[in-house]
Amino acid sequence: MGQRPVSPSLPLAQPPPPAFLSSAVTGGCQVRCAGCRMILTVGPGLTEFVCPTCQLPQMLPPELMRPPSQSQVPAHGIDPSKIQLPCANCKAILNVPHGLSRFSCPQCKMELAVDLSRIKQFYPPPPEEVNEVAIEVEREEDGGGTVGETFTDYRPRKLSIGPPHPDPIVETSSLSAVQPPEPTYDIQTKDYLETSKALSCLQIETLVYACQRHLQHLEDGSRAGFFLGDGAGVGKGRTIAGLIWENWHHGRRKALWISVGSDLKFDARRDLDDVGATCIEVHALNKLPYSKLDSKSVGIKEGVVFLTYSSLIASSEKGRSRLQQLVQWYGSEYDGLIVFDECHKAKNLVPEAGGQPTRTGEAVLEIQARLPEARIVYCSATGASEPRNLGYMVRLGLWGPGTSFQDFREFLVALDTGGVGALELVAMDMKARGMYVCRTLSYKGAEFEVVEVPLEPKMTEVYKKAAEFWAELRVELLSASAFLGDEKPSSSQLWRLYWANHQRFFRYVCMSAKVPAVVNLAKQALIDNKCVVIGLQSTGEARTEDAVTRHGVELDDFISGPRELLLKFVEENYPLPEEPESLPVVGVGEDSVKELQRKRHSATPDVSFKGRVRKAARWKPEEEDEEEEEEEESESADSGHESGESDDEFQICNICNSEGERKKLLHCSCCGQLVHPTCVIPPPEETDANWSCHSCKEKTDEYLQARHLYVAELLRRYEGAIERKSKILEIIRTFDLPNNPLDDIIDQLGGPDNVAEITGRRGMLVRASSGKGVTYQARNTKDVSMEMVNMHEKQLFMDGKKLVAIISEAGSAGVSLQADRRALNQRRRVHVTLELPWSADRAIQQFGRTHRSNQASAPEYRILFTNLGGERRFASIVAKRLESLGALTQGDRRAGPSLSAYNYDSAYGKKALLIMYRGIMEQDSLPVVPPNCSAENPATIQDFIEKGKAALVSVGIVRDTVVGNGKDSGKFSGRIVDSDMHDVGRFLNRLLGLPPQIQNRLFELFVSILDHLLQNARVEGHLDTGIVDMKANTIELQGTPKTVHTDHMSGASTVLFTFVMDRGLTWEAASALLTEKQKDVTASSAIGFYESKREWLGRRHLLLAIESSSGMYKIFRPAVGEAVREMHISELKDKYRKTQSLEKAQIGWKDEYQVSSKQCMHGPNCKVGSFCTVGKRIQQVNVLGGLILPIWGTIEKALSKQARQSHRRIRVVRIETTTDTQRIVGLLVPNAVVPSVLQDLAWVEEIEG
């Protein structure tokens, strides 16, 4: 073989140890010569070569001899898209298309048939088919069933003592499905209560279960507590009085009654008298000294001490606390009654991240810890609006030793994870253990209406100007703050006040905008022979008092709350530079000028760039020098030296340098130099100790001149700032802003003589009898004290002397204003909510003022909003609370008035806000078309984005703003900080300060995105729907329920129920539905039977579509009956086609009905196997009823392992058997989870029948 020379490589400094090195650089390799040890590069394809240095012939080692690569080229004539089969006759390889069963061989013309059973290995596995209808049905099932009735009539299940309640009482249907424990307590006052009929049967039931619960102790040794959660107006006060009376008969003659207002002491006295406890004294703690209650001076040995939550945290100037006083009187081991009435006042013991616990919450917790044997009753209609607010209810035993939760925070995390359904389980658990009752007055007859009040044109213009003014004020404050430089005060404080006043201002304007509607509603109600209660939160008293302080008690007109608020904010917070101090003029105040000269010389004076005097060194006065000289002289005299003339008596002149007698030289008081008087031109006429040389005088004059210029500039700036502030104040004074709503309404409805005011303010403005001007006067008269004025006004309303009442939270706590059968005024109440409270707790309390026991008629509620998007912020806060409030205070989140349509401050709301911000900042595209824009015209969308961005800049959400140049001229760019991206509250607050048009457009965009997200979540089965009803044609209990856990304290148990459900709809029933609908002449032609356009497993799915509303259709399927979700006609026609033949529809319907009895929609090869229930007509359903909290951890662990997303979350269902109407509410347990739950609980016990 021919040998080709190869080129040598440069020798390596440290040759590697291997005998050869492979290289991939040229496609060849590098080897070391066997002779000279040089590194050689061998070309690709060569196996033998000669070293060009030592001429040694050699060959590559076997390891580097790679076989030539063979490309995988398919054989000639092979078609990879077909199956290659040999001809049975000529053996030729033929390309046979998939699915072809008979053909002729093109070579030998032999007729051939394909044996499919023998060639399965030639077929590729078929792709997994996606059954779109199965996915649709699965999503519907995950979304939950229909929402059934909310309330059921209530009557005690296991007690029959006492008369029926005077009004219809209801309980949520979820709580009604829970049985309380057996009553074992025998009440001492039973005979008296039966004869006097002072308490109704349900109040006696509460008394029994509370006393029974108080006999138990928790694992930590403290006595168990009871939660009385009856709704407003059911009669909690009288029930508490009954409990005090019962404990009195057992010798426990000390009780604490803690409530929200000192006025309620009179109600407590009335309730005790009603139950026959006239001998029990009620002592108001706020009227007593801080000394020992049982001392001789105070003399309280027994009875009820009534106090407010404010008193509980009060202390004297000497440091004595009410709490310590109560503990000392009660005794740490005493086992009497402590009632936390309206206990929602103790909430926020466990605040949101970053917050601080309230002092009230901490005090409530402390008194319980210091009195472990006390019998605690928590009493409130709104005590647990959020699980966080349960933190102070430590005596319920829901967390801590012996429970599934180590502490309250662990309990809180579990409930937050479980959502609304988990809250409902807590309520049911508490009732099952006998620690909770919750009934409410039937809302039958009560009407709830959300009235949207559009802004009048004049008010719209006022609002627009106000929004523009606030934006301009912000710019002015920014520039004024920047002008101050280093001297500016804390900017964070300024902006915190700015945004707080901004929000309060627009709340006032929104309230004022609704005043005409309130007045019209009230006047119409009076015409209809009804009476009116108007609810608001803020009275504007602070603004009124500010104006009266400035202008006196006689004014031209009512105070404008918004104007006074603005004036006060600008007056107190406009950034002003310090007013400069002027320097003395030369010739005036020579002493101060001389002092300045000395200071300037000693400090080598100069003027800083800002014109300020630098700090001078401390000047040493001449007297000190003279004292030192005297000391030196005395020392020399003492030492015995001969005294004579000192050299210090002669000094050198600084001008002529000749010596002169010191006494005859001039001494500069500033720089200290000595000169002959004759050397000074012109010579000084007379000299004194304050003489200064020309140089010092010159420097001082220069400094004074510069200083005066600087002071003049500061003065100009200060006066300019004062002038700008004055102009702003003048603009505010000329604003045509609305009057204080409270005074305005009272005035328009006839004045104080016709309107009962039950608020917390001390004075009010009243129009003069002449009709000109208004006067500020106290609300009370000589005959009525300020403390009793609200009670007096309430009585005037209840007696019908005044037919309109205005209530605020501060004045109306615990007040009864219902159409009481015992009152003279029994007109129907129209309750108008002018201003929604800040929380749902307060909203429910306010609603409860007019809806109470023993009423002749139920009230009408009118909740007013303007059509401004931002105002819905306040409804959002309330709605968020109401959603979970119903769960704990009423057992079911759908109970009571629902404002969920306005709940924006949720997880989905935060996500919607993020998406909207990203869209407006052009970081992402918007998922929906903005309002008044067109997808076909992108310019309209871009224009909206620019306007929206400018609006967000004006309210401070977009920061670090830069205005573009060139082609981006006029466009804004900036950033939104991360904390604002999810802050729905801040967005809705700031939104209030925008002009109505852009405000509403931004709000509509936000709501559209939120609706889009909610719809997607609903379709995907991720939406938390709370308790849902499981419906079917037949529901039967299978076998005997199994007890999986028993609570040792109450005896309540956790039970596993297994039901068999048949959800299908027969052909006969479906045909009857269609026939009935077709009788309607207005019925759409689109109704009828439809089949899916695609086949799955060789069949098409059928459905029946019945029109429900314009464009929407109810869907019925053979396997699952009526679907929860309705379908739009466009979606229906996109996925399905109408069957032309009824016979064909009948065959398909019956076939699917039959197959679905044993098989899910995924077919026999379903991955989940027999556990899958998607589209299965007959299925097994497992529900855990009774106590759930004790086994929460076990269930959560088992659910977390589930494949389907919807099976991983806590799902609370309500199911009722069709045979014996047995209703069970509990936790839905997927079939696949049941074995692991039972295994983890370790034992199962069958209930004895």
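**Reading helix packing and burial in a predicted model**

Tutor: Helices α5 and α6 are oblique to each other. Please keep in mind that this model is predicted.

Student: At what angle do α5 and α6 pack, and how far apart are their axes?

Tutor: The angle is about 60°, and the axes are 8 Å apart. An angle counts as roughly perpendicular from 65 to 115 degrees and as roughly parallel under 35 degrees, so an angle between those ranges is called oblique. The crossing in which α5 passes α6 is right-handed.

Student: Which residues of α5 and α6 meet?

Tutor: From α5, the residues are Gly237, Arg238, Ala241 and Ile244; from α6, they are Asp271, Leu272 and Asp274. Sorted by class, this contact holds three nonpolar residues, one polar residue and three charged residues.

Student: How should I read the pair formed by α4 and α5?

Tutor: Begin with the axes, then turn to the residues. Helix α4, residues 201-213, and helix α5, residues 236-249, have axes that come within 9 Å and cross at roughly 50°. The two helices are therefore oblique, and α4 passes α5 in a right-handed crossing. On the α4 side, Gln203, Thr206, Leu207, Ala210 and Cys211 take part, and they meet Arg238, Thr239, Gly242, Leu243 and Glu246 of α5. The classes in this contact are four nonpolar, four polar and two charged residues. Notice that Arg238 of α5 meets α4 and also meets α6.

Student: What angle do the axes of α29 and α31 make?

Tutor: The axes of α29 (residues 1067-1078) and α31 (residues 1142-1155) cross at roughly 140° and come within 10 Å. Only an angle over 145 degrees counts as roughly antiparallel, and these helices are therefore oblique to each other. Their contact brings Trp1067, Glu1068 and Ala1070 of α29 to Leu1142, Ala1145, Gln1146, Trp1149 and Lys1150 of α31. Five of these residues are nonpolar, one is polar and two are charged.

Student: Which residues of helix α6 are buried?

Tutor: A residue is called buried when its relative accessible area is under 20%. In α6, which spans residues 264-274, Leu264, Asp267, Ala268, Asp271 and Leu272 are buried. Viewed down the helix axis, they fall within an arc of 135°, so they line one face of α6. Their cover includes helix α5 together with the strands β13 (254-259), β14 (282-284) and β15 (303-308). After α6 comes Gly276, with a positive phi near 95°.

Student: Where do the buried residues of α33 lie around its axis?

Tutor: In α33, residues 1234-1241, the buried residues are Val1234, Val1237 and Leu1241. Their arc around the axis is only 65°, which puts them on the same side of α33. They pack against β37 (1042-1046), β38 (1053-1062), β45 (1178-1186), α32 (1192-1199) and β47 (1223-1229).

Student: What is the phi of Lys109, and what is that of Asn529?

Tutor: Most residues other than glycine have a negative phi. Lys109, however, has a positive phi near 65°, and Asn529 likewise has a positive phi near 65°. Lys109 is in the loop between β8 (102-104) and β9 (111-113), and at 61% relative accessibility this residue counts as exposed. Asn529 is in the loop between α13 (491-527) and β21 (531-536); with a relative accessible area of 49%, Asn529 is partly exposed.

Student: How many helices and strands does the protein have?

Tutor: The protein has 33 helices and 48 strands. Of its 1249 residues, 50% are buried. Finally, consider contacts between residues at least 6 apart in sequence: 70% of them join residues at least 24 apart.

Methods: Residues numbered from 1 in each chain as written. Predicted model: local features only at pLDDT ≥ 70, side-chain atom pairs only at ≥ 80, totals over all residues. Heavy atoms only, no water. Axes fitted to C-alpha atoms, helices over the stretch in contact; angles between N-to-C directions. Helix = DSSP H or I, 4+ residues; strand = E, 2+ residues; numbered from the N terminus. Left-handed = near helix turned anticlockwise from the far one by under 90°. Contact = heavy atoms within 4.5 Å. Nonpolar A, V, L, I, M, F, W, Y, C, P; charged D, E, K, R; others polar. Buried < 20%, exposed > 50% of the residue type's maximum accessible area, 1.4 Å probe, protein only. Arc of directions from axis to C-beta.
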